[in-house]
Amino acid sequence: MSLIEDFNEYRNSPTIEIEQGYEEISIEREDSRNLPKPLELKPPPIFTLDPLNYRPIDNIKTIISSNNIIYIALCNNFILRYDLSNQNNIETIKFTKDEKCLIKDLFLDPSGNHLIISCKHGVNYYHYARKKVKPRIINKFKQIKIKSVAWDPETNRNEQTPPLLIGSKNGIIFETAFDKKELYNNMLYQFKESDPITGLYFNRFDRGKDYFFVFVSTPEKMRQFIGGPTLSQLFQYYFGDEPECQEFRNDSNFSKIDILLQNNRPMNFAWLTGQNIYVGLLEISGKSRKAGGQIINSASFIPYPTGSDNKLNMPLALAHTEFHFLLVYPHEISIVSRLNSQIVERATLDSTQKQTFIGITHDKIRDLIFAYTSKQIFRLYVDDEDRNIWKIYLDLSKFDLALEHCKSSNQKDQVYKAQATHHYKNKKYSQSAGLFGNTNIPFEEVILKFINLENREPLIIYLSKKIDNIRDTDQTQATIIAFWLLSIYLHEISQIELKLSNKKKKLKMKSNSLNQDSNKSKKQKKKKKKKQNEYEILKKKLQDNLNSFKAFLEDNKEELDSETTYDILKKHGREEFLLAFAEIMENYDLVISHHIQMGNWLEALEKLRRVKSPEIMYKYSPILMYNSPRQTVDTWIKMSKRLNTQRLLPAIMRYAQTHKPKNVKTNQAIRYLEFVIKELRNRDKSIHHFLLWVYIEGNYDRELLAFLKPIVDFPCYDQKYALRLCKKYNKKLACAYLYCEMQLFEKAVEISLTFDIELAKNYADQPEDENLQKQLWLKIAKHVVGQGNIEQDIQFLQETELLSVEDIIQFLPNNMKIEHFKEEIKNSLHNYQAEIEILKENMLGATSRSKLIRDDINSLKNRFVVLSNRIPCSICGNPITGTDFVYFYCEHIYHNHCIRNFLFKHIFSRSRKTIFLNKERKLNEIISHLRSLEINGVISNDNSEYNNLLVQARSLNKKVMDLISSDCVLCGKIAIQLIDQPFINIEDEELVDSWNL
C-alpha cells in the first residue's frame, strides 16, 4: 500500500466517539497557567544615529568627508579638519580675514588631501592638507561661482592633482589641476541655458585607460558625455550638438546627483530632482562605450514621501546605499527602500535638543555616512542592511532575487512556498513540483495536489526532489518513495509505449489508404502530417522518459534494494532496465552472463572492459575465447596490465584444442602469447612452455625454430622439456637445434644426418675442441664416404682441414684403388714434412732460450748490495747486525726470525707450517751433527759423510730461505692478502682502547 493510500484511508476512517457517562479529562500542569507569554523581541533598527564625540565652537555651515577625513565649515569662516583615525588632533584652518567672504560650499577629493573652498562672492580657495599652509586664492577662478566639482576617482596622494572638472553657476564646465597653484584653466563646455551645474561626476570605463564618461546635472536636466582620450577631446565631440538628456520640471534651483560605488567602481546613481528621485543602474559595457552612447540602464522614478498635507515633501539632501535612500528632512532622516519606494525607518533627533538637520555627506572611500545639524555631527551606522530584502523581493514576486538574499533556511522555505504556490496557481505544475520539494509542507498535502493530474511529470519531479532532501535524514522514507517512483516510471513508460504502438498502427493504415487512393484531399494529407508530428512528439517523450528513468536509477541506487528492484523489473518484463540497473550497481556478473546466454559476445566483452576486478574476466574467458576468439584477445590485450596470463591459460588451452587454423597469423592463442612474451617481456616458464606446445601441436615449424632461439641472453623455457616435447612429436630440426644448444654435439650431428647432411656439417664445426670436431667429422665421413662416389668422397675431404686421407681410408671399400687419392696423399706428405720442419725450429728456439735462462740464474748468484750495519729491521726496528737477515730489492730488510714469526702468525696455513718446521728441524739436526764432527776433528775433503751432510744442509737451508724470502711481507703479494686484517691486535685491549675517540 502506497503512502497516499495510507493517507486516504486514515482521512476517510470513522471517528471514535466517547460514550455518554464519561467526562473528558483535561490534563494540565499546575504551573502552566501562570507562565508568562514569550516576549516578541523586535530586531534592532538598520540605521542608527550616533553623535560624534566632538562639538565645534561655532555653528556648522556645511561639512564634507572622504577617506576618513571630515572638513567642517563654521559660520565664523573657520574650517576644521577632523581626522577620524586621530580624533584628538583637530586642525583649525583660517583662510581669510575678510568677514564678508562667507563660505558657500566645500569640495573634497577622494584622498581627503585636496580641498576647494567656494565663497558667496565668487572668491575660491585651494588647500593642500599635507602642507601646513593656509589656503590660497585660485586666481584663475575669480568671480566664478563654483557649484560642483568632479575629482579624478583614482585616489591621489601626491601634491599635484590629476585633471578635474569644475561646474559653475552659469553653466560652464572647466578643466583644471592644482600643484602649489592652479596649473591651468580650460573652458571645456557651456550649456545654452546657462543653468547652474548642480552635479558633476566623471570616471573611466577601465581603470588606467583614458576613455571617460561624464554625468552633468542642472536643476531640470541630466546629461551624459562619453569619449576620450582626454577630457578636452571628449567635450569637443559634442560642440554644437548637445547630448540627449533626461528633463524634469523643477520649481527650485536645488538638484543633486549621487553616484554609488561598489569595489571603487560606479554601480548606480540617484538624481534628486524637484518632483522625485530618478534612479538607475550604470552599465559600463561594450555597447555604451562609443561616443553618444548611454550607460544608464533600468531607470525608474521614486516619489518623495508625502507630508501631513498629502503634498510631496522634497528633502534637503540625499545619500544612498545599495538598497536604501537616505532623505534628509529638518526633523528626521527618512530611510526609503529603493526596491518598493516605501519608508523603512525614520532616524530622528531627540526632541529636547531642539535641533534640525541641514545636510548629509557620504565618505565613499570608507563607506561612512554623516548627517549634521548646526550644532552637532552624527554618524549614521548601517547594521545588516539587507536583512529584509528577501521579503521585499518576495512581495514583488522576484523569487530568484529573494533566494539570493535569504539568510536562513526558514526564509528560504517561505520563498519556496510562495514561488511554488505562485506556479501552481498559474498551472505551471512541473516548476511548482520542484519547488514544493524544497519546502517543509507535509508530504501528503503536496501529493494530493499532483496525484490526480493526468500528467505524471510533476509528481515524478516532486518525489525526486523529496528523496534528495530527506536522503540523509530519513533513509526508510527515501527508500519507500524511491520504489514508488520506480513503479510510476514503469507505468508511465508502458503507457507511452502503448500509445506509440497504437499511433504507429493508425499511421500505417492511413498511409496504405492514401497510397490506394491518390485523389484524397489536401485536408486529409494535412491531418496525416499532424498525426505524424504527434507520433514524433510522443516518440521524443518516450526517449526523455527513458533517459530520466535511467538517471533516476543512477541517482537513487543507494535507496533501491538491488534484489527487490531486479524482481520488479523482471515482473514488468523490462529486460533493458534490469541490465541498466545491474550495470549501475556494478553487478557485471549478471550483465555479462545475460549477454553470453543471448550469444551477444561483443556486448559481453564491451562490459568486461569496464570491470575493475579481473576475476569476472577469468570466469567467462573460456566460453568467450571459444566463440569469439579474435575479439576476446583484443580485450585481453587492452586489459593486459590488469590480467594475470596464467589465469587465462585454461581458456587458451581449450581454444588450442578445438581451433587449429593452418595460418599461424589467425591463431589467436599464439597471437596473445606472443604479445605477452614480446611486448610485456613475460619470462614465466609456464607461459613459454605453453606457447611451445601450441607451436608443436599446430605444426608451425618455422615459428617453433624462431621461438627456440632465445631473444635474451638465456632461454625462458626448459630445454630438456622442449627436447622431450620435440621428440614426442618428431620435430627433428628442433631436436637438432636443442642438442646443439645443450652442447650435445654428437647427438645433434646424429639426428641431423637422418634428414640434412649439410646441417650436420654445420653442427660439427660448432665445438671449440678440435679433437671433438674431428670425431664429429669422422662420424659424418662414416655416413658419407664409401658410397661408391669417388668424386663425392674427394669433395667431402676438401670441406674440412681436420680430416686427411688416412682418416677416411678406413671407410673406403677394399676394392678401391689408391690412385684415385694420389694428389691427396702427396699433399698429406707435404703437410707432414712442413710440420716436422716447424718442430725442428721450435726445438732449436727452446734450446737457445734455456741457455739464456741458465746464464741469468748464474749471474744472479753473484749479485750483491752494500748495507750499513745501522739499518733497522722493517718489523722489529732493531739493527740487523749480529744475526741472519733477508734483503729485498724494494729495500725492505728483515731479521730471519722476524719474518719467520710474521709468516707463521699471518700467512702460513697449518700444513705449510708443518712442512717448514720439519725442514727446519732436520736442518738443525744436520748442523748439530756437522758441529759434532768438527769438534771431533773429523773434517777432510775425503770424508764422504761430512761432505754429504754439508750438501744436505745447504739444500735444506736454501729451501727454508726460499719459503721465508719468496716475497716482501710489507709491499708484495703477501701485503695484498693481509689488506682485510686490522692495523692493531684486537686482543690487546689496552691498545684498542687507546684508539677510541
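## The four-stranded sheet

In this predicted model, four strands form an open sheet in the order β18-β19-β20-β21, with antiparallel pairing; strands here are DSSP runs of E with at least two residues, numbered from the N terminus, and two strands pair if DSSP finds at least two bridges between them. From one strand to the next the twist averages 20 degrees, the axes being lines fitted to C-alpha atoms and the angles running from 0 to 180 degrees between N-to-C directions.

Seven bridges join β18 to strand β19 (residues 265–272) in the antiparallel sense, and among the bridge partners P266 in β19 is that of L261.

Six of the six residues of strand β7 (residues 114–119) are buried, so the strand is largely enclosed by the rest of the structure; buried means under 20% relative accessible area, with a 1.4 Å probe and protein chains only. H114, I116 and S118 point one way from β7, whereas L115, I117 and C119 point the other way.

Strand β6 (residues 103–108) pairs with β7 in the antiparallel sense over five bridges, and I103 stands opposite C119. The hairpin of β6 and β7 has five residues between the strands, and G112 in its turn has a positive phi of about 80 degrees. With strand β8 (residues 124–128), β7 again pairs in the antiparallel sense over five bridges, S118 standing opposite N124; in this hairpin, with four residues between the strands, G122 takes a positive phi near 85 degrees.

D413 lies in helix α5 (residues 409–425), helices being DSSP runs of H or I with at least four residues. D413 is buried, with a relative accessible area of 7%, and its side chain reaches the backbone nitrogen of N440 at 2.9 Å. Leaving aside neighbours within four places in sequence, D413 is in contact (heavy atoms within 4.5 Å) with N438, T439 and N440.

## Confidence and conventions

The protein chain averages a pLDDT of 81, and 86% of the residues score at least 70, where pLDDT is the predictor's confidence in each residue, from 0 to 100. Over residues 1–33 the pLDDT is below 50, and this stretch has 13 contacts in the model beyond near neighbours in sequence. Where pLDDT is low, the predicted coordinates should not be read in detail.

Residues are numbered from 1 along each chain as its sequence is written, and side-chain values use heavy atoms, with hydrogens and water left out. Local features need pLDDT of at least 70 and side-chain atom pairs count only at pLDDT 80 or more, whereas totals for chains, interfaces and linings use all residues.

Technical notes
Buried < 20%, exposed > 50% of the residue type's maximum accessible area, 1.4 Å probe, protein only. Polar contact = N/O pair within 3.5 Å; in protein donor to acceptor, adjacent residues only side chain to side chain.
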